[in-house]
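The entries follow in the order I made them.

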Amino acid sequence: MITDADSEFHPRDPDDRTWTETMFLPFAIPDEGIFGNVYVLARPNVGIATSSILIGKGFCTQPYEIAFTDPQVHLPCPESFAKFTLGNGLSVNAPTPKEYDVSYENALGACSLDLSFRALHEPFDPGDPEQNPLLAADRSTGDSRHGDEWENGHFEVKGHITGNLELRGKKYKVDCYDGMDHSWGPRTETGTRSVAWVSVNFGPELAVHLAVLIDLRDGQVRYEKLRFGFVVENGEVHPVVDADIRAEHTQLLAINNHIRITDARGKEYEFFGTAISSHPWYNFNPSHVSYQGVFRYHWGDKVGYGEMADIYGLDYLAERMSSHGRARGLNA
């Protein structure tokens with residue numbers, strides 16, 4: 001169960017140099033084809049933090065096409081993870097997991113933002129068997145594609161994101177719905193991860209979050225086992241117990257998708273999505289890449305938006321895609 005204290009750093013073994021806490025906030029301006037991320041990774045036991053601010057516009061297959069990116073490593077770790085300012089110009093105030101105020105001022109003047117996140121519901125705890133009925137079966141597999149990132153403490157929460165963005169002299173209003181998260185625990189960064197983070201949002205009426213394992217066979221992306229997920233319908237949270245995702249890709253970036261889910265009530269949903277902005281995000285973590293985009297979704301006559309990110313460890317990709325990959329051409 002998530003409490004107000006979970007926006008802060010968590011109790012830990014002070015000798016564990018791998019202990020990591022992260023926060024991630026995506027946002028979009030769909031009419032402009034803009035999709036951005038605010039990310040912080042803190043290692044309090046070694047006193048350092050990493051932060052990456054990225055804003056893409058339209059379709060970018062190469063890093064140099066992305067409108068703005070500011071990755072900073074070896075920043076001094078803050079004393080608090082609920083209220084802090086980093087040396088890259090990012091400030092965060094999060095008195096609870098349901099309230100995040102984020103501001104950023106780029107040192108070169110290329111970008112600034114001021115965002116407010118307010119949750120639509122109580123945060124979802126995928127490590128709580130009362131909230132996640134798939135937990136026991138998921139942890140019993142020992143699948144290396146899980147990685148460490150979501151194996152320990154973690155919460156997901158959907159909300160309304162409002163504020164302002166200035167990007168290379170042009171000003172925008174931000175008014176969107178999406179999900180943010182915070183993770184904590186030991187983290188070895190071995191690069192074997194292969195998971196999808198999927199967000200579908202139709203405002204306060206309906207939102208969906210899914211975490212799904214990915215398989216990459218003969219260069220084709222396949223979405224496999226649902227790890228966890230939830231539906232938020234008019235503020236009430238219901239676990240997802242089954243999901244099927246199909247998507248088409250270009251250079252590992254999903255360009256459209258078809259999602260079917262069933263929640264614990266037996267209620268079924270079906271969504272059709274089309275990417276309106278996408279890019280590879282290489283610099284949030286040296287051992288990983290996120291092929292991500294914001295999608296326009298249709299649900300009956302309603303239109304919504306949300307992120308879809310295929311997150312790979314670089315070793316996972318090298319094993320399957322490089323000239324020395326031992327699993328190249330894997331079809332079984």
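**Salt bridges**

I looked up R265 and found its side chain in a salt bridge with that of E233, at 2.9 Å from N to O. The two partners come from distant parts of the chain, 32 residues apart: R265 lies in the loop between β15 (253–263) and β16 (268–281), and E233 lies in strand β13 (residues 220–233). I note that this is a predicted model. R265 is partly exposed, with a relative accessible area of 41%, whereas E233 is buried at 15%. I also found E233, D263, R265 and K267 linked in a network of salt bridges.

Next I checked R217. Its side chain meets D215 in a salt bridge at 2.5 Å, N to O, and E224 in another at 2.8 Å, N to O. R217 is buried at 17% relative accessible area, D215 is buried at 10%, and E224 is partly exposed at 27%. My search of the whole structure gave 13 salt bridges.

**S52**

I placed S52 in strand β3 (residues 48–57). Its side chain makes a polar contact with the side chain of N283 at 2.9 Å. Beyond its neighbours within four places in sequence, S52 touches residues including Y39, D70 and W281.

**The sheet**

I traced an open, antiparallel sheet of 10 strands in the order β4-β3-β2-β1-β10-β9-β8-β7-β6-β5. β4 (68–76) and β5 (83–85) stand at the edges with a single partner strand each, so one side of each has no neighbour in the sheet.

Key. Residues numbered from 1 in each chain as written. Predicted model: local features only at pLDDT ≥ 70, side-chain atom pairs only at ≥ 80, totals over all residues. Heavy atoms only, no water. Helix = DSSP H or I, 4+ residues; strand = E, 2+ residues; numbered from the N terminus. Polar contact = N/O pair within 3.5 Å; in protein donor to acceptor, adjacent residues only side chain to side chain. Contact = heavy atoms within 4.5 Å. Pairing = 2+ DSSP bridges. Salt bridge = Lys/Arg side-chain N within 4 Å of Asp/Glu carboxyl O. Buried < 20%, exposed > 50% of the residue type's maximum accessible area, 1.4 Å probe, protein only.
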